[in-house]
Amino acid sequence: MPSWNIQFYPIEFSIAINKRYDNRKYQQSYHLLRSIALPIDGFYTPNYLIMKVMETNDSFEAAEEMLKKTELTSNAYYILSGVKKNEGAIIGRKQSFIVD
């Protein structure tokens with residue numbers, strides 16, 4: 001069952017998130033362990049990253065950059081939309097890099 005978390009920043013951009021699943025069982029267990037251990041090492045959970053993006057960015061470009069480069073504890077899809085023409089992105093993330 002998909003889980004959605006949608007946040008809005010006044011006037012500039014909005015972010016939605018959905019889980020990016022792995023088909024292999026051992027990878028799901030691995031991601032669970034990472035989500036417990038890695039926040040201590042400076043990695044963010046996908047939902048916590050949304051909160052940090054909303055608190056620290058005031059433009060679509062800055063929010064997109066942070067969503068692309070911040071290391072995560074688990075996989076996620078971010079849907080980012082802005083208010084200007086051509087401001088929109090779907091960012092598929094693994095822990096340390098963009099997937100698609």
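A helix crossing is termed left-handed if the near helix is turned anticlockwise from the far one by less than a right angle, and right-handed if clockwise. The model examined here is predicted, with local features requiring pLDDT of at least 70 and side-chain atom pairs counted only at pLDDT 80 or more, whereas totals for chains, interfaces and linings use all residues. Residues are numbered from 1 along each chain as its sequence is written, and side-chain values use heavy atoms, with hydrogens and water left out.

By the above convention, the crossing in which α2 passes α3 is right-handed. The axes of these helices, being lines fitted to C-alpha atoms over the stretch in contact, come within 10 Å and cross at roughly 150°, which makes α2 roughly antiparallel to α3 (angle over 145 degrees). In the contact (heavy atoms within 4.5 Å), Leu49, Lys52, Val53 and Thr56 of α2 meet Ala63, Met66 and Leu67 of α3, and the residues divide into 5 nonpolar, 1 polar and 1 charged. Aspartate 58, in the loop between α2 (46–56) and α3 (60–69), is exposed (over 50% relative accessible area, 1.4 Å probe, protein chains only), its value being 54%.

Tyrosine 78, by contrast, lies in strand β3 (residues 76–82) and counts as buried (under 20%) because its relative accessibility is 0%. Residues up to four places away in sequence not being counted, tyrosine 78 touches residues including Pro46, Leu49 and Leu67, and a polar atom of its side chain lies 2.9 Å from the backbone oxygen of proline 46.

Notes. Helices (H or I, at least four residues) and strands (E, at least two) are DSSP runs, numbered from the N terminus. A polar contact is a pair of N or O atoms within 3.5 Å; within protein, one must be able to donate a hydrogen and the other to accept it, and residues adjacent in sequence count only if both atoms are side-chain atoms. Axes are lines fitted to C-alpha atoms, for helices over the stretch in contact, and angles run from 0 to 180 degrees between N-to-C directions. Angles under 35 degrees count as roughly parallel, over 145 as roughly antiparallel, 65 to 115 as roughly perpendicular and the rest as oblique. Ala, Val, Leu, Ile, Met, Phe, Trp, Tyr, Cys and Pro count as nonpolar, Asp, Glu, Lys and Arg as charged, and the others, Gly among them, as polar.
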